[in-house]
Amino acid sequence: MDLSSITREQKLFAAAGASALWVISLFFPWYDLGLDIPDAAAQLAGVDETISGWDVVPSAWLFLVIGIVAALAAVSEAMDYELPMGLPGVPLAAWATSILAVVTIAIAIDGDGGRAWGIFLAVIFAVVAVAASAWVWREER
């Protein structure tokens, strides 16, 4: 596969899609507590065996907004739509996705174990988003 055949718009849509998937991954289980409680007893007691990214990420609403901004900036640049206030779309997308990647990787490394499948997907989505947006930004400079 020749990576040079990937168009600028395809890279930006990849960054936008990965950012949107990162936002969705906030609601996936990021950590598994590994409780040895039967499911019925856990439901009656109101105990959840997993912790979602929404509960793990500090100020998750802020990172939710950053993820949405990253996706919208990438899509607007791919569709040749000018952002308000003259904001540059590609650098904004690269900056926002890099924040998501740093925070997600830091949380994944910091955990004491019990990581669930959601955090691995979040790391993959964040890395793909920052790689695609930075790739476009680097080509334009």
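User: How many aromatic pairs does the count come to?

Analyst: This is a predicted model, where local features need pLDDT of at least 70, side-chain atom pairs count only at pLDDT 80 or more, and totals for chains, interfaces and linings use all residues. Residues are numbered from 1 along each chain as its sequence is written, and side-chain values use heavy atoms, without hydrogens and water. Rings of Phe, Tyr and Trp (its six-membered ring) pair if their centres lie within 6.5 Å; planes under 30 degrees apart are stacked, over 60 edge-to-face, the rest tilted. By this rule the count is two.

User: Is the pair of Phe27 and Trp54 stacked or edge-to-face?

Analyst: The ring centres of Phe27 and Trp54 are 5.6 Å apart. Their planes are at 15°, so the pair is stacked.

User: Which class does the pair of Phe28 and Trp117 fall in?

Analyst: The centres of these rings, Phe28 and Trp117, lie 4.9 Å apart. Because their planes are at 40°, the pair is tilted.

User: Is Ser52 buried or exposed?

Analyst: Buried means under 20% relative accessible area, exposed over 50%, and partly exposed in between (1.4 Å probe, protein chains only). Ser52 has 16% relative accessibility, so this residue counts as buried.

User: Is Phe27 buried or exposed?

Analyst: The relative accessibility of Phe27 is 52%. Phe27 therefore counts as exposed.

User: How does Trp54 count by relative accessibility?

Analyst: Trp54 has a value of 33%. On that basis Trp54 counts as partly exposed.
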